[in-house]
Structure formats: C-alpha cells, structure tokens
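Follow along in the model.

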Amino acid sequence: MSRPTINNNKESAFTKSPLVPLFQSGKNSLPTAIKKAQDLLLLHQFQDGYWWYTLEANETIGAEYILLREFLGNPDPKTNEALCQRILSQQRQDGSWAIFYNGPGDLSSTLECYWVLKLCGFSIHDEALKNAREFILSHGGPTKSRVFTKIHLAMFGLAPWHSAPTMPYLLMSLPDWFPINIYEFSSWARACIVPLLVLLNEKPVHPLNIDLEELYPEMPEHRSWSFPKQTSTFTLENGFLYLDKLLKNLGKLPNLLKDSSANQCIQYIREHIEKTEDIYPAMAYSALALKTLGYSTQDPTIQKCLKGLFNFQQLCEGELPHIPRVQSNEETLSSTLYLHQQCCISPVWDTPWAGVSLVESGMNPEHPALQKAAEWLLSKQIRSVYGDWSIKNKKAKPGGWSFEFENDYFPDVDDTIEVLTLLHQTGLKTLEHKKAFQLGLDWLLSMQSKNGGWAAFDVDNTLDIVNRIPFSDHGACLDPPTPDITGRMLEFLALIDFDKN
C-alpha cells in the first residue's frame, strides 16, 4: 500500500472534474448527471476493488506526529517542513486552529500547532505565530489546555508531570468484573489509555532546546496546573479531584504492581498492534510507551506503528502562505506541497458507501466493479479474532468488519451494517457468501445493548462516571448506543426483510 497523492487546490481539482460540464451548462438531464457521477466513482475505484478517500481530523494530528518523531529521537526535517505547511494552511483568521471543520478556535489545538512551528524553526515574530500567541494568551495559556496537551508538554519538560491526571498502573490489573476497569472505557479511549498508563507512571522527559514562556499570561510563581473544581463542594467531579491528589501522594510510595502491570500494558499493546492498523493516537502512544520502557525504535511493534502512520500520510498540492524561516533547509519540500497526516484510514467504510450509492442510483448490481467490491469486502471480514468487544459480549462469535485495512480487535457496528447492505444488494452468490452474511448478521444482533440500542464498538459501554474523572476532560470516554446507529440498524433489518428470514 503506497501513500496516496491528492490535489488539494479546490479550484483546479473542480475544473478537472468530469462533473464540470454538467454544472456549467445546466442543460443536462438528471439521468446524465447520475451517469457522470457513477463514472467518476468508478474512476476512483482501486484495482483490488475498494474505494479509499481522505479522512480529515484536525492539525493536532500532524503536530503530534512531529512530536512523536522528536521523542523517538529520529526527527525528519523534510517531513516536518511539509507538515508545517499543512498546519499553516489550516490556521483561522483569528490565529487559532479548530478541532473540526469551520469550528471555533481551540486553545489546545492552537497551542500544539504553535509549539511545533516554533520547534521546526519558525520565528515567534512571524505573523502566523504572533496571531496564534495572541489567541493562546487571551484564552488563559498552557495551564488551561486539555489533558492530552498537558501530557505532551510534560513529556518534553515544558510542564510538570503533576499537571497530568493520575492513572495508576493498577487500572490495567483490575478484572473486567470490577466496577471500573479498562473495558468500561470506549474502545478508542481504551486503546490510548493502556499506553498512556506507561507514560503517566514512568513520567519520561525528553528535553527540548526551546521553551514556551511567551505563551503564559502569568509569571511562573503564579501558575496553577490544578484541575478546575466545581462550584458546588459535594460533586462527583470534585470527589475525583481529591482522589487524584491522594493517588499522586500514594504514587510516591513503592509500586508493588508496577512490573506486573507494565508487562500487561506491553502485552496488550503488542497483541493489538500486531493485528491492528488503528487510529492515530493509539498507535503513536503505543510507540511512545515502548520507547519509554527502553525499547529501541527498531522494535518490531514500534516499526509497525510508524509504518502505519506513514501510510496515513497524503502529499497534497495547493497554494499556501509563504512564511519566512529562521533558517533555510536544503531538504525542505516545495512551498506548494504539504503533507496531511490523517488520523486513520477507512477503506472498509468508503467502499460499501460507494457501492451502495452506485446500486441505489440505478447501476446493475451485477456490474463487475460492484462484484469486485463485494469480494474484497468479504475478504476483510473478521472471523477468528475475539476482539475487545467480546469482553462484554461473551456469547457471540466474531463476524464483523472494521473500517481500516487491518483492525481485527475493533470491528464496529456501523461498518458491518453498511458492508452487509452492499452484500445483500449485490447478491449472495455462493454458500460461502451466505455463511459470511449470516455470521455478520449474528454478530450485529449480538451487539444490541440492554436499553435496545446499538453503539459503535461495544455493548453497554455506558458507565457515566468514567466521563467525569480528571482524565476525561474531553468528555468522550464512552460508547453509548445512539439514535443514528440504531436507526441504521433498523433500516438494514427492514431492507433484508428480517422477520421473513
């Protein structure tokens, strides 16, 4: 799998599109428009039968990739330059960076982008950094950033480790029947928490030759890294803050479970990375954790993480702002090229949606492109690995699909619904196809939560208190059933006429 190149110049990309004559003339009929759209989709299909499009998140992904390579001791100036160009292209007029498209400016995202631009040689007097700095200062500075940003600051000695929440190694050793354990967190949070347990307990520091003092609105003696308390004294959140202080003090005592729990973290990381091409944070944190525990960057698991992250990158073209550097670099890429670090890739998500669109727009389900897509999807079914979902769903057999090229531990309901929809539409040609479909359907049905709904990755992942601990200041550590996924599940069951089957 090679790294794709895309053209991000929207005007030139649109000008070259087969759909342009349709929009320019206004004389074509609806069937002609549909045919042109179908032809464009067919043009985008990869030789193996899948579709694969860009998945955009926010610029903290590119910024943290630069920090990852710095922490591992193998920074790449050429890659850094291209990533910085991408970061600059996404800066908002108020100097900030957002966490979603067209969203408001975000302090943590802006802080991380400013930090890596400075680390990569940009002058603090450059217009982009001046504007970003004004935004950061007006929003309280680094002490007001979110937990993940504070962890990164602490890793490089730019913030004290006590600014990060306490997550004891013990969490890894708690059995799944215990009231709070790692399986009470959502799959995406869990995949990050396990390697973060290593960082939060080992407290590594990789010193940099820069500081961020200009971003603080207060002098060092007046800075407070404590978590904000609720106005009412007796709240669950305040109770967790007191517990965090207690755990920090207890952390100064000998940790009898340290070696055992650290080994459990390593085992979890290796097992999951071996069969996973997961989301950016989990892969990056896994590499950071192993490096913290003394493993070489040539370690096979670290190398697989880095290879996966490399495959997430896209080299893009477009007009970008030119901002002078403190020093030139002969290896820098052209200012008209930049690198987009995706947070993950989603061919198993893109493929059935493209296929369903073609079928429902009138294309014959027997078309070779659709049959090829169906065969490719069948090859991606997860049939043998009992992933993390099986901890709360102990009776079902594997049979779902994940959205990446490889992610055996984290199949999800959303993707499986859409894959089975396309397989149903294109016809189940053989007994093996019918068995695969039934296996997927059985897995989907088994993933229904007690309240009647379906979530993305787990059943009954609804323990609210995990979203109220200091670590969860982003409020996204649960995977509860949603109307969206539940509605799509009901729509799918109606499509296959489930009651008659």
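In this predicted model, the largest nonpolar core has 134 residues. Leu68, Trp115 and Phe492 have the most contacts inside it. Helix α10 (residues 187–202) supplies the largest share of this core, 10 residues. Leaving aside neighbours within four places in sequence, Leu68 is in contact with Tyr280, Ala284, Ala287, Leu288, Leu306 and Leu309.

Ser109 is found in helix α6 (residues 107–119). Its relative accessible area is 1%, so Ser109 is buried. Not counting residues up to four places away in sequence, Ser109 touches several residues, among them Asn58, Trp97 and Arg146.

Cys344 lies in the loop between β5 (337–341) and α15 (347–360). Cys344 counts as buried, at 5% relative accessibility. Cys344 and Ile279 are 65 residues apart in sequence, yet 4.8 Å apart in space, C-alpha to C-alpha.

Now the charged pairs. The whole structure holds 19 salt bridges, including these:

| Salt bridge | N to O distance |
|---|---|
| Glu59 and Arg86 | 3.2 Å |
| Arg92 and Asp94 | 3.4 Å |
| Asp414 and Arg488 | 2.1 Å |

Asp414 in helix α17 (residues 413–426) and Arg488 in helix α19 (residues 483–495) are 74 residues apart, and their pair links distant parts of the chain. Asp414 is buried at 16% relative accessible area, and Arg488 is buried at 12%.

Glu59 is buried at 9% relative accessibility. Arg86 is buried at 4%. Glu56, Glu59 and Arg86 are linked in a network of salt bridges.

Arg92 is partly exposed, with a relative accessible area of 30%. Asp94 is partly exposed too, at 36%.

Methods: Residues numbered from 1 in each chain as written. Predicted model: local features only at pLDDT ≥ 70, side-chain atom pairs only at ≥ 80, totals over all residues. Heavy atoms only, no water. Core = buried A, V, L, I, M, F, W, Y, C linked by side-chain atoms within 4.5 Å. Buried < 20%, exposed > 50% of the residue type's maximum accessible area, 1.4 Å probe, protein only. Helix = DSSP H or I, 4+ residues; strand = E, 2+ residues; numbered from the N terminus. Contact = heavy atoms within 4.5 Å. Salt bridge = Lys/Arg side-chain N within 4 Å of Asp/Glu carboxyl O.
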